[in-house]
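Subject: Handing over the model

Hi there,

Here is the structure I promised to pass on.

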Amino acid sequence: MTRYLISFDAHAMDHIPAEDMPAVGRAAHAVVEEAMNAGVWVFGGGLEHQKASVVGTDGTVGDGSYPEAIGGLWVVEVSSREQALEWAAKTAVACRCAQDVREFMPDPAVGN
């Protein structure tokens, strides 16, 4: 099984009116529940892009909002890229925005 990151840009949902957000949340949670029931869910959630920080190699911390930041992400563990794309398609419909799909590189040192 391979793990895939399904994510979207921090501003990908800006077009959704505030009054529609509860319905979007319910739709997204329904897909999460489906993924959990299918046994492919690893973890996920939305990110606070307003609280993004960058820690430099020298330990300095810079705070700020970064427009290219990830707005939300899921990690699924499936047997093929095609299956990851199917979950991303369901997520795109639920969240009303396009999703990026990236495969995690295997790392035997940590057991995957």
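This is a predicted model: local features need pLDDT of at least 70, side-chain atom pairs count only at pLDDT 80 or more; totals for chains, interfaces and linings use all residues.

Residues are numbered from 1 along each chain as its sequence is written, and side-chain values use heavy atoms, with hydrogens and water left out.

**Salt bridges**

By that rule, the count is three salt bridges.

One of them joins Glu34 and Lys90, with N and O 2.5 Å apart. Glu34 belongs to helix 1 and Lys90 to helix 2, so this pair links parts of the chain 56 residues apart (helices are DSSP runs of H or I with at least four residues, strands are runs of E with at least two, and both are numbered from the N terminus). Glu34 is partly exposed at 37% relative accessibility, and Lys90 is partly exposed at 31%. For these labels, buried means under 20% relative accessible area, exposed means over 50%, and partly exposed is in between, using a 1.4 Å probe and protein chains only.

Another salt bridge pairs Arg3 with Glu77, the closest N and O atoms being 3.6 Å apart. Arg3 sits in strand 1 (residues 2–9) and Glu77 in strand 5 (residues 70–78), and 74 residues separate them. Both ends are partly exposed: Arg3 has a relative accessible area of 32%, and Glu77 is at 25%.

The side chains of Arg96 and Asp20 also meet in a salt bridge, at 3.4 Å from N to O. Arg96 is in the loop between helix 2 (81–95) and strand 6 (100–103), and Asp20 is in the loop between strand 1 and helix 1 (21–38), so the pair ties together parts 76 residues apart in sequence. Arg96 is partly exposed at 38%, as is Asp20 at 26%.

**Cysteines**

How many disulfides does a search of the whole structure find? The result is zero, taking a disulfide as a pair of cysteine sulfur atoms within 2.5 Å.

Best wishes

Terms used:
A salt bridge is a side-chain nitrogen of Lys or Arg within 4 Å of a carboxyl oxygen of Asp or Glu.
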